[in-house]
Amino acid sequence: MKKTFLALVLSAAMFCALLSGCGSGEPPAAGPELSVGIAQDLDSLDPHKMVAAGTKEIMFNVFEGLVKPSPSGDLLPALAENWTVSDDRLTYTFNLRPDVKFHNGSIVTSADAVYSLERLSATADTPADIVTVDAFSNIASMETPDEMTLILRLKEPSNEFLSYLTAAVIPAGYEEQETMPVGTGPFRFVSRTAQESVVLERFDDYWGGPAAIKTVTCRVIENADGILMSLQSGAVDLFAHLTITQAQQLTDDFRIEQGAMNLVQALYLNNAVEPFNDLRVRQALCYAVDKQAVIDLAFDGFGFPIGSSMYPAFGKYFDETLIDYYPHDIQRAKELLAEAGYPDGFSMTITVPSNYQPHLDTAQVLVEQLKEIGVNAEILPVEWETWLNDAYIGRNFESTVIGVDASTMTARALLERFTSSAGNNFINYNHEDYDRLFTEAQSCTDDDEQTALYRAMERNLTENAANVYIQDMADLLAVRNNLTGVRFYPIYVLDLYGLRWES
Amino acid sequence: MKYAFRRVSALLLTMFLVSLCAFAAFSGISGSAAEARLGTQATAERAAALREELGLNRPFLFRYGEWLSGFVSGDLGQSLTYRQNVGELLRDKALASLLLSGMSFALIVLCAVPLSLLVVRAADGPLDVAHTLFNQFLMSVPPFFVGLLLSWIFGVTLRWFTPGAFPGLSRPGEAVRFLLFPAVAIAVPRAAMTVRMLRGTLLRELNRDYVRTAISRGSDRNSVLRRHVLKNALTPTVAFLAQMMAEIVAGVIVVEQVFGVPGLGRMLVVSISNRDYPVVQAIVVILAFWVVAANTAADLINVRIDPRLALRDE
């Protein structure tokens with residue numbers, strides 16, 4: 001018996017020695033390689049088919065349009081070196097940057113641009129999974145007088161048209177985008193392994209000069225514990241969108257950079273169902289909710305309160321005066337409820353996609369706050385696909401906590417969805433003035449005037465308490481200390497181009 | 001031989017039923033791959049068009065039939081999310097998961113058998129009491145917790161391996177070393193359970209009349225244990241270990257996520273939420289096969305040990 005025991009102990013000891021003997025040691029501190037953690041796998045590699053914000057976030061480095069956004073929210077020349085707009089604002093003439101190469105080596109020509117824009121325009125035979133750009137229905141004709149010139153003629157003048165030209169330009173006739181994407185960005189796609197990793201490599205022929213980092217491996221890590229572990233163990237050098245708790249647990253090897261998520265987080269109310277079809281009820285909820293308390297309790301104070309469907313990164317479009325349009329006022333909320341015929345409150349459900357912890361946390365605080373005015377809210381956690389199918393597409397919900405993003409850097413991208421006829425108006429908002437303001441804004445030629453109209457639309461949403469607006473959440477990004485060059489954008493992207501290791 | 005034939009037919013029938021049930025359950029849940037793919041871009045019309053394009057509108061039995069005939073001829077179909085052949089997509093992940101469950105199984109057997117012998121010999125002594133308490137504790141530790149603990153100690157603090165950076169099967173040595181830690185996490189509670197089960201079986205055998213007779217005849221206790229008791233205890237143990245395989249597979253799915261092993265577990269969870277039924281079907285069938293095959297193998301082994309078993313269900 002003693003012998004057996006001894007043998008066990010000895011073999012265990014040897015085993016440990018063996019393991020420690022070939023330990024991997026410290027992670028590489030500086031080098032041409034970078035490992036980025038991402039919380040979900042890419043939904044499609046084809047730039048015209050990707051929907052998930054997390055996919056566009058990474059593939060921003062692989063694809064470019066005629067223009068590209070800058071960190072400050074302006075549009076910079078990208079594949080188009082410069083452009084002119086005719087006096088009637090209907091004709092755009094783009095001069096393409098000469099000798100720009102696709103990742104497959106071919107030269108970018110105006111024919112590629114036309115191909116890409118046509119692929120994104122909705123026609124009868126557009127495949128259903130192409131994410132079409134409605135704004136391109138405004139294109140009357142496209143001409144290519146030579147390989148480096150593109151002339152677009154619009155049906156109606158539009159102040160925002162240019163911002164839609166951030167759409168990816170891809171090689172004409174290339175059919176393999178879904179498995180082997182080819183673009184013009186500073187990084188080219190190398191390989192992907194489902195639910196494991198996506199490998200990008202520096203594109204040495206990039207027109208703006210090659211990036212500092214040579215290879216970027218994006219590792220898919222969904223598990224919250226796994227995220228922390230992978231940072232601490234050295235498997236990952238950079239991870240965006242951390243929770244406060246995760247950020248606080250990180251050690252000295254990392255610094256936390258804070259940006260904004262650029263999402264409109266709100267308690268979205270289905271304006272078509274009882275009791276939320278009553279303006280007074282919606283306003284009562286707005287008065288009852290204390291957004292700063294939500295931010296303090298669920299987000300440790302990180303987050304920016306908002307009052308309408310617009311977030312601060314939008315600059316001139318963001319109306320600060322709306323933030324406190326409904327100050328926290330329990331008394332006023334109760335009065336409104338009584339007027340609406342609910343003196344004792346009512347019961348409601350808050351549908352929340354359970355994969356988003358921040359939204360669940362927010363809902364928890366809301367439930368407590370609503371109790372104070374006698375509203376008995378119950379959280380209904382659902383799977384993301386169920387949320388999409390039932391709440392978002394089916395519009396079968398009472399209220400939901402979610403963050404809505406802008407697909408392009410235009411106010412329109414955030415506001416158009418609440419026009420009564422919009423297919424993605426999941427809250428069934430229906431207000432004549434709002435629809436009218438939107439139509440006016442679209443036909444408006446003066447930028448200041450249009451900005452004023454968009455701001456009026458925001459005010460309309462606030463005054464009619466379309467939703468209980470809460471915040472633009474903080475985006476916490478963990479980076480290894482000697483990695484520099486992180487830039488935040490007003491849209492949901494992770495720019496790898498400027499990153500470099502400092503020795 | 002006849003018995004083996006019966007067992008294998010039962011295996012095939014089980015596999016068929018499992019795949020049919022999985023397919024049916026999957027057709028019952030809300031949403032389809034079309035909505036999942038379109039995400040927030042989805043509108044009712046767009047989703048309907050894409051469902052049509054992906055062939056999701058065809059009747060249930062038709063789709064199942066198509067999947068089954070493809071499967072039988074070795075074609076697992078095309079992933080709706082990855083637009084890639086499912087076989088290709090899953091090959092490495094299946095190997096990683098099977099390797100992990102195989103390693104966990106080996107660890108359980110390697111630890112549990114010598115330990116239970118040790119414990120049986122010390123039955124009713126102080127070591128036995130200590131063991132009972134300790135065993136109770138180990139049995140109730142959930143694998144993901146052991147996983148976290150191991151990751152922190154050996155991954156983050158000692159840096160013996162890098163959680164989240166699986167080296168891949170192309171480097172088998174490193175892959176096995178990495179998988180050892182998740183395998184331990186899975187094996188700990190199950191090894192404890194096995195020790196308890198083996199201890200019970202061995203003690204029961206030891207109290208039988210033939211043992212008393214053998215000892216009174218002059219054989220020494222240890223040789224009785226080795227020559228007769230172990231052999232008699234073998235059949236229930238093999239059956240128990242085979243059933244353990246189902247729990248190991250369940251453990252693999254959880255623990256893979258903690259350690260960042262790119263195996264079938266995460267792929268299964270994600271594919272369910274993507275409503276990617278060809279992938280889900282394939283994974284369910286692979287995992288079910290692994291479990292059912294282990295049990296069939298156990299039956300066949302037990303019949304070799306004790307041929308009377310084959311007569312029992314005649």
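Select A:Arg89 first. This residue takes a positive phi near 60 degrees. A:Arg89 belongs to the hairpin of β4(A) and β5(A), which has five residues between the strands. Keep in mind that the model is predicted.

Now show the two strands themselves. β4 of chain A covers residues 80-85, and β5 of chain A covers residues 91-96. The strands run antiparallel, and five bridges join them. Pick A:Ala80 next. Look at the side chains as you go. In a regular strand they alternate between the two faces of the sheet.

Switch to chain B and colour by secondary structure. You will find 13 helices and zero strands. Read along the sequence, the pattern is α-α-α-α-α-α-α-α-α-α-α-α-α. Zoom out to take in the whole chain. The C-alpha atoms of chain B fill a box of roughly 85 × 55 × 35 Å along the principal axes. Of the 314 residues in chain B, 39% are buried. Turn to the contacts in chain B with a separation of 6 or more: 74% of them link residues 24 or more positions apart.

Last stop: the contact between the chains. Select 48 residues from chain A and 45 residues from chain B. On the side of chain B that touches chain A, the elements giving two or more residues are α2 (33-38), α3 (44-54), α5 (86-121), α7 (143-157), α10 (221-259) and α11 (264-273). Which of chain B's elements gives the largest share of that side? Highlight α3(B), which supplies six residues. Then colour this side of chain B by residue class: 21 nonpolar, 14 polar and ten charged.

Methods. Residues are numbered from 1 along each chain as its sequence is written. Chains are lettered from A and ligands numbered from 1 in the order in which they are written. This is a predicted model: local features need pLDDT of at least 70, side-chain atom pairs count only at pLDDT 80 or more; totals for chains, interfaces and linings use all residues. Two residues are in contact if their C-beta atoms, placed from the backbone, lie within 7 Å. Helices (H or I, at least four residues) and strands (E, at least two) are DSSP runs, numbered from the N terminus. Ala, Val, Leu, Ile, Met, Phe, Trp, Tyr, Cys and Pro count as nonpolar, Asp, Glu, Lys and Arg as charged, and the others, Gly among them, as polar. A residue is buried if 20 or more other C-beta atoms lie within 10 Å of its own, exposed if 12 or fewer, and partly exposed in between; C-beta atoms are placed from the backbone. Two strands pair if DSSP finds at least two bridges between them.
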